[in-house]
Amino acid sequence: MSNPVDFSSIPIIDLNLVNIGKKDQLLGELKHALLHVGFFYVKNHSIPQSLLDRAKDLAVQFFDSPQEIKDKSDKILSSSFLGYSKQGFETTKGKKDNREQYDFGDEIDIDFKPGMPEYFKLYAPYQWPSDEDVQGFRSTYLDLLENYKKLALQLTELVALSLGLPADAFDKYFEKDHQNRAKVIKYPSISELDPNDGDQGVGPHKDIANLLTLLYQANDLPGLQVQNHAGEWIDATPIPGTIVINIGTGLETLTSGLTVATTHRVLNPPPGRGPRFSIPYFLSVRLDKPFGVIDLPDKYDYLKDREVVSDTDGQFKELFLNNLSKAMLLNRIRSHPDVGFKYYPELAAEIGVNENTKF
Ligand SMILES: O=C(O)CCC(=O)C(=O)O
Ligand SMILES: [Fe+2]
């Protein structure tokens with residue numbers, strides 16, 4: 001193994017350490033996870049289990065609804081890339097992902113007018129399942145969004161402190177009312193899939209342009225895997241009472257790669273185990289300012305030349321530093337070319353998506 005501190009398991013960090021006078025221990029464990037793993041679980045977090053349970057029940061109800069009900073909130077209806085996507089309408093690295101999902105985000109009250117930066121189209125309204133179709137879906141998921149945000153901001157402060165920065169070091173990357181996004185995902189078991197579909201729930205990727213991802217694994221099924229620096233896949237097995245946290249390429253870029261946006265993927269559940277559900281939340285950064293690089297007080301020369309194997313292709317990486325909003329848009333168009341071609345035809349053409357693309 002090229003890296004002597006490479007990981008073979010994912011650390012668990014107890015947020016209660018802050019309340020029992022052990023904040024320094026927590027910051028030390030967090031620093032290790034940030035610099036060497038890029039993934040960790042948190043336990044004793046602030047999100048009520050009753051809310052997570054309700055969200056899971058509503059996910060089952062929504063995905064079990066007749067197709068015509070789900071289609072009423074299809075992503076193609078909005079330039080925001082928010083809403084429902086059918087299984088097989090998303091790709092990673094050019095390969096079909098076997099998952100069905102509903103993407104949602106903070107509702108921003110801005111109308112796109114010609115002349116505005118194109119990324120404002122991401123704030124367009126999108127369709128929720130109505131209360132007649134799935135009672136309480138919108139209100140529950142907006143509640144979850146608020147709870148996720150509170151935990152994400154608490155973690156952002158702890159991340160800053162653990163790296164020796166002031167607690168508010170990342171505040172300038174947030175903008176009042178900017179949009180954070182989340183989604184609820186169903187991964188069918190491979191016994192439900194066509195044999196030609198393979199088992200790619202979502203292919204190897206890094207989370208793009210966000211600082212942190214918070215992920216609730218809603219049932220006890222394997223599937224999420226994390227790539228260590230030698231390129232081996234490590235299981236991120238669900239642990240009751242925890243949320244999984246990982247670093248996005250936003251934080252990786254801000255820290256000059258010292259914290260790694262670790263590559264991960266999801267495999268569809270094994271036959272006979274039923275579908276897997278998960279609900280990730282992405283703490284994003286403002287899109288109107290280019291990323292800078294934060295000077296960390298400690299020196300990490302020993303980390304600078306380490307090799308990190310990744311099965312991702314690192315596309316648009318150079319754009320993050322000088323045109324974050326364009327990098328974000330291109331990435332979304334690449335994942336959802338049908339929506340991209342409809343609402344962003346010129347950008348879509350730049351990455352080869354046009355009227356001849358097979359969606
Ligand atoms: O569903 C999961 O466990 C992970 C999902 C994920 O990595 C993503 O959507 O970015
Ligand atoms: Fe991800």
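These legends cover an overall view and several close-ups of a predicted model.

Conventions. This predicted model is read with local features at pLDDT of at least 70 and side-chain atom pairs at pLDDT 80 or more, while totals for chains, interfaces and linings use all residues. Residues are numbered from 1 along each chain as its sequence is written, chains are lettered from A and ligands numbered from 1 in the order in which they are written, and side-chain values use heavy atoms, with hydrogens and water left out.

View 1. Helices (H or I, at least four residues) and strands (E, at least two) are DSSP runs, numbered from the N terminus. The C-alpha trace spans about 55 × 50 × 40 Å along its principal axes. Of the 359 residues, 56% count as buried. Buried means under 20% relative accessible area, exposed over 50%, and partly exposed in between (1.4 Å probe, protein chains only). Among contacts with a separation of 6 or more, 78% join residues 24 or more positions apart. A contact means heavy atoms within 4.5 Å.

**View 2. UniProt lists "domain: Fe2OG dioxygenase" at residues 178–285, in an unreviewed entry.** Positions follow the numbering used here, feature names are shortened, and annotations may be inferred rather than shown by experiment. Over this stretch the chain is 6% helix and 41% strand. Its end C-alpha atoms are 8 Å apart.

**View 3. The second largest pocket has a volume of about 210 Å³.** A pocket is an open set of points on a 1 Å grid over the protein atoms alone, where a 1.4 Å probe fits, with protein on both sides within 12 Å along at least five of seven lines. Lining residues have an atom within 4 Å of a point. Grid points are joined across faces, edges and corners, and the volume is the space filled by probe spheres set on them. The lining includes Gly-88, Phe-89, Glu-90, Lys-358 and Phe-359. Strand E5 (95–96) and helix H9 (337–343) each supply at least two lining residues. The lining divides into 3 nonpolar, 4 polar and 5 charged residues. Here Ala, Val, Leu, Ile, Met, Phe, Trp, Tyr, Cys and Pro count as nonpolar, Asp, Glu, Lys and Arg as charged, and the others, Gly among them, as polar.

**View 4. Asn-44 and Ala-209 have positive phi values.** Phi of Asn-44 is near 55°. Asn-44 sits in the loop between strand E2 (39–43) and helix H2 (49–64). It is partly exposed, at 46% relative accessible area. Phi of Ala-209 is near 70°. Ala-209 lies in the loop between strand E8 (200–205) and strand E9 (212–217). At 3% relative accessibility, Ala-209 is buried.

**View 5. Asp-71 lies in helix H3 (residues 67–71).** Asp-71 is partly exposed, with a relative accessible area of 29%. Beyond four places in sequence, it touches Leu-77, Tyr-84 and Lys-86. Asp-71 and Lys-86 are 15 residues apart in sequence and 8.3 Å apart C-alpha to C-alpha.

**View 6. Tyr-344 is buried, at 1% relative accessible area.** Tyr-344 is in the loop between H9 and helix H10 (345–350). Its contacts beyond four places in sequence include Ser-79, Phe-81, Glu-118, Leu-329 and Val-339. Tyr-119 is 225 residues from Tyr-344 in sequence, and 10.0 Å away C-alpha to C-alpha.
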